[in-house]
Amino acid sequence: MIQEVFAAGDSPVHRADPRCRIAVAVLLSFVIAVSNHFPTLLSGLAMTVFLILASRLEFFMVLRRLAVIWGFLLFLWLILPWTIKGKAVFSIGMLTFTREGLILCTKISLKSNAILLGFIALVSTMDFSTLGYALGYFKLPKKLVHLLLLTYRYVFVIEQEYRRLARAAKIRSFQPGSNLHTYRTYAYMTGMLFVRASLRAERVYKAMRCRGFSGQFHCLGEFTLSRSDRIMTLAGLAWIGSLIVMEFWL
């Protein structure tokens, strides 16, 4: 299952209105993505680190999430510095590392880490159902929101079905290998998984119709904007505005 390790908490960020957090996260990521000057990027990174500290998240869990993009960034650092033309900084054998390549890698690294930290602090601190319900307030298509929520709910059911099929094959002494029998077995398992998913979808649809589903999911709690939510949102927008001013001023 997809573990929502950051959703449980009692920090000021966790208590903030989900709609405000989504809006600030999207605007902040957009501003950081289009920025091109180091002071702006460093300020954006400092803002996201501050949000992580305010969220009171476990440090090593955040590092594990960041490690997802560090492998990709490492690949860029191994390729871009000597493939982009520019002023040579140093050479290793036949490879010449340019100033422009190193600057580009640094900017990409700052942007990637800042954007990911921002979404971890603001979006990952809410559970998935709350995220889907909050997205409906931004006038996203209802079908898209419903598809997102239903996919999150039933992807675990499909996983359980697959594990059941794999366990049945293992009981029958199935040993995977690089042979035609293995490929045929996995093809049968995949086909049966699609058949069971289709049957489950039909049953879920009928059950929802019997319960009077009319195309609208209802949440047990309504979102309310408190005074602290307004203050935090205005502070976030002011910080984002300062990044924009800094970028154009530079």
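Predicted model: local features only at pLDDT ≥ 70, side-chain atom pairs only at ≥ 80, totals over all residues.
Contact here means heavy atoms within 4.5 Å.

Ile158 sits in helix α7. Setting aside neighbours within four places in sequence, Ile158 touches Leu193 and Ala197. The C-alpha atoms of Ile158 and Arg196 are 8.4 Å apart, although 38 residues separate the two in sequence. Ile158 has a relative accessibility of 27%, so it counts as partly exposed, given that this class lies between the buried limit of 20% and the exposed limit of 50%.

**Two helix pairs**

Helix α7 spans residues 142-171 and packs with helix α6, residues 128-135, at an angle of about 175° and with the axes 9 Å apart. The two helices are therefore roughly antiparallel to each other, since angles over 145 degrees fall in that class. On the α6 side the contact is made by Phe128, Ser129, Gly132 and Leu135, and on the α7 side by Val145, Leu148, Leu149 and Tyr152. Sorted by class, the contact of α6 with α7 has six nonpolar residues, two polar and no charged.

Which helix packs with α9 at an angle of about 165°? The partner is α3, residues 38-55, while α9 itself covers residues 227-249, and their axes are 9 Å apart. This pair, too, is described as roughly antiparallel, and α3 passes α9 in a left-handed crossing. From α3 come Pro39, Thr40, Ser43, Gly44, Met47 and Phe50; from α9 come Gly236, Trp239, Ile240, Leu243, Met246 and Glu247. The contact of α3 with α9 divides into seven nonpolar, four polar and one charged residues.

Helix α9 also holds Ile244. Its relative accessible area of 36% makes Ile244 partly exposed. Along the chain, Ile244 and Ser35 are 209 residues apart, yet their C-alpha atoms are separated by 8.1 Å.

Beyond its neighbours within four places in sequence, Leu73 is in contact with Ile108, Ser109, Ser112 and Asn113. One of these, Ile108, lies 35 residues from Leu73 in sequence and 7.9 Å away in space, C-alpha to C-alpha.

Most residues other than glycine have a negative phi.

**Cysteines**

How many disulfides does a search of the whole structure find? The search finds zero. A disulfide is a covalent bond between the sulfur atoms of two cysteines. Cys20 is buried, with a relative accessible area of 14%, whereas Cys210 is exposed, with a relative accessible area of 70%. Cys20 falls in the buried class because its value is under 20%, and Cys210 in the exposed class because its value is over 50%.

Technical notes. Residues numbered from 1 in each chain as written. Heavy atoms only, no water. Disulfide = S-S within 2.5 Å. Buried < 20%, exposed > 50% of the residue type's maximum accessible area, 1.4 Å probe, protein only. Axes fitted to C-alpha atoms, helices over the stretch in contact; angles between N-to-C directions. Helix = DSSP H or I, 4+ residues; strand = E, 2+ residues; numbered from the N terminus. Parallel < 35°, antiparallel > 145°, perpendicular 65-115°, else oblique. Left-handed = near helix turned anticlockwise from the far one by under 90°. Nonpolar A, V, L, I, M, F, W, Y, C, P; charged D, E, K, R; others polar.
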